[in-house]
Amino acid sequence: MQRSEHFASPGVVYRTTCENPGCGHTFDLRITAKEAGLLAGTMACPRCRRHGGMLKRMGRLDDRLFVAKLVYKMIGVGASSSSDDGDLLSDIR
Ligand SMILES: [Zn+2]
C-alpha cells in the first residue's frame, strides 16, 4: 500500500557543486520540507565525503531547480555571512 505522492510537495532540487579543492563534483540534491534542516546546517559531499559543507544558493534555474555550491569554511575564519540566509526556506512548499 502506498499513498499517492503526486499530490505531495516534491520539494526543490539544488544542483550543487562541491567547492572542495580537487573535487568539484556536481550532484542534484533534492530537498523537501522534511529535509529543510539541511539548508541550515552542514552536510558532506557524496563524492569526496568532506564534512562541514554549507549549501549556498547561487541562483534559480527553474521553478523548482536551483544552482548551489557546497562551500567549506576554513577553520578559524570568523563568520561574516548570513546576508541572504533568511530566504532559503521560503521557496520550499
Ligand atoms: Zn566533494
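This is a stop-by-stop tour of a predicted model, with what to select and what is there.

**Before you start**

Residue numbers start from 1 along each chain as its sequence is written. Because the model is predicted, local features need pLDDT of at least 70 and side-chain atom pairs count only at pLDDT 80 or more, while totals for chains, interfaces and linings use all residues.

**Stop 1: the whole chain**

Colour by pLDDT (the predictor's confidence in each residue, from 0 to 100). The protein chain averages 80, and 69% of the residues score at least 70. By element, strand 1 has the highest confidence, at a mean of 96, and helix 1 the lowest, at 82.

Now switch to cartoon. The protein chain has 1 helix and 4 strands. Helices (H or I, at least four residues) and strands (E, at least two) are DSSP runs, numbered from the N terminus. Their order from the N terminus is β-β-α-β-β.

Buried residues account for 13% of the 93 residues. The cut-offs: a residue is buried if 20 or more other C-beta atoms lie within 10 Å of its own, exposed if 12 or fewer, partly exposed in between, with C-beta atoms placed from the backbone. Two residues are in contact if their C-beta atoms, placed from the backbone, lie within 7 Å. Take the contacts between residues at least 6 apart in sequence: 43% of them join residues at least 24 apart.

**Stop 2**

The 4 strands form an open sheet in the order 2-1-4-3, with mixed pairing. Strand 2 (26–31) and strand 3 are the edges, each pairing on one side only. From one strand to the next, the twist averages 30 degrees; axes are lines fitted to C-alpha atoms, for helices over the stretch in contact, and angles run from 0 to 180 degrees between N-to-C directions.

Strands pair if DSSP finds at least two bridges between them. Walk across the sheet:

- Strand 1 to strand 2: antiparallel, 6 bridges. Arg15 stands opposite Asp28.
- Strand 1 to strand 4: parallel, 6 bridges. Tyr14 has Phe66 as its bridge partner, and Thr17 has Lys69.
- Strand 3 to strand 4: antiparallel, 8 bridges. Met54 stands opposite Val71, and Gly53 is bridged to Tyr72.

A hairpin of 2 residues joins strand 3 to strand 4.

**Stop 2**

Show side chains on strand 1.

Pick Val13, in strand 1. Val13 is partly exposed because it has 16 C-beta neighbours inside 10 Å. Beyond four places in sequence, Val13 contacts Asp28, Leu29, Arg30, Arg64 and Leu65.

**Stop 3: the core**

Select Val12, Tyr14, Cys18, Ile31, Leu39, Cys45, Leu55, Phe66, Ala68 and Leu70. These 10 residues are the largest nonpolar core. Such a core is a set of buried Ala, Val, Leu, Ile, Met, Phe, Trp, Tyr and Cys residues joined through C-beta atoms within 7 Å. Strand 1 (12–18) and strand 4 (65–72) each supply at least two of its residues.

Centre on Cys18. Its contacts beyond four places in sequence are Cys23, Gly24, His25, Cys45, Arg47, Cys48, Gly53 and Leu70.

**Stop 4: Arg49 in its loop**

Move to the loop between helix 1 (37–40) and strand 3, where Arg49 is found. Phi of Arg49 is near 60 degrees, a positive value in a residue other than glycine. Most residues other than glycine have a negative phi. Arg49 is exposed because it has 9 C-beta neighbours inside 10 Å.

**Stop 5: Lys56 on strand 3**

Pick Lys56, in strand 3 (residues 53–62). Lys56 counts as partly exposed because 18 C-beta neighbours lie inside 10 Å. Leaving out residues up to four places away in sequence, Lys56 touches Ala68, Lys69 and Val71. Thr16 is 40 residues away in sequence, yet 8.7 Å from Lys56, C-alpha to C-alpha.

**Last stop: residues 79–86**

Over residues 79–86, pLDDT stays under 50, and the model has 0 contacts there beyond four places in sequence. Where pLDDT is low, the predicted coordinates should not be read in detail.
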